Amino acid sequence: MATQSAYITPKLLRWARERSNLSVEKAATKALIKPDQLVSWENPHGQDKPTLRQAQKLAHTFHVPFGYLFLSSPPVEKPAIPDLRTVADKQRDSFSPDFLDLLSDTLIKQQWYHEFLKQQSTEDLPFIGKFKGTNFSEDVIANDISQTLGITDAFRDEAPSWEAFLKMLIGRM
């Protein structure tokens with residue numbers, strides 16, 4: 001029985017590898033293939049294609065859904081929630097695959113816990129979902145969180161170190 005080729009998009013394969021910050025050599029090593037094979041599969045004018053099993057291994061190696069490798073252009077990846085982790089109000093242009101996987105996993109667990117609490121008939125907290133489906137700026141949301149937790153300049157000044165501040169902050173939460 002002949003192995004079936006996966007007619008993946010070379011541009012998407014390269015995008016997935018680069019998104020994972022892997023060189024051809026490192027990616028080939030992780031995917032258990034030869035570097036020249038990977039280069040051949042990434043060549044937009046080449047005729048070589050991986051097998052379905054090899055394409056699945058590549059998708060796993062690059063942390064992308066298998067179906068992405070068949071798209072005509074890379075998807076726009078944007079986190080499902082606003083990114084409030086800015087430095088000097090500069091927004092990020094992209095996120096690491098590990099971050100996107102972690103965020104997705106966290107949102108799934110959050111949804112599960114929300115459903116669990118509903119089943120337990122717990123009382124809703126007034127700040128949960130307060131900004132859902134609205135277009136508030138990150139500053140407005142961050143200020144509301146600070147106000148809800150009572151984080152003031154005096155609160156910040158009480159902590160002798162960032163570790164102590166973190167413990168105090170966790171206590172407030």
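Tyr113 is partly exposed, with a relative accessible area of 44% (buried means under 20%, exposed over 50%, partly exposed in between; 1.4 Å probe, protein chains only). The model is predicted: local features need pLDDT of at least 70 and side-chain atom pairs pLDDT 80 or more, while totals for chains, interfaces and linings use all residues. Residues are numbered from 1 along each chain as its sequence is written, and side-chain values use heavy atoms, without hydrogens and water.

Seven aromatic pairs are found in the whole structure (ring centres of Phe, Tyr and Trp, its six-membered ring, within 6.5 Å; planes under 30 degrees apart stacked, over 60 edge-to-face, the rest tilted). The ring centres of Tyr113 and Phe116 are 6.1 Å apart with planes at 25°, so this pair is stacked. Both residues belong to helix H5 (residues 97-119), three residues apart, about one turn of the helix (helices are DSSP runs of H or I, at least four residues, numbered from the N terminus).

Lys90 sits in the loop between helix H4 (52-61) and H5.

| Residue | Relative accessible area | Class |
|---|---|---|
| Tyr113 | 44% | partly exposed |
| Phe116 | 31% | partly exposed |
| Lys90 | 63% | exposed |

In helix H2 (residues 24-31), the residues Val24, Ala27, Ala28 and Ala31 are buried. Seen down the axis of H2, its buried residues fall within an arc of 100° (directions from the axis to the C-beta atoms), so they line one face of the helix. Glu25 and Thr29 are exposed on the face of H2 turned away from its buried side. Just after H2, Leu32 has a positive phi of about 60°.

Key
Helices (H or I, at least four residues) and strands (E, at least two) are DSSP runs, numbered from the N terminus.
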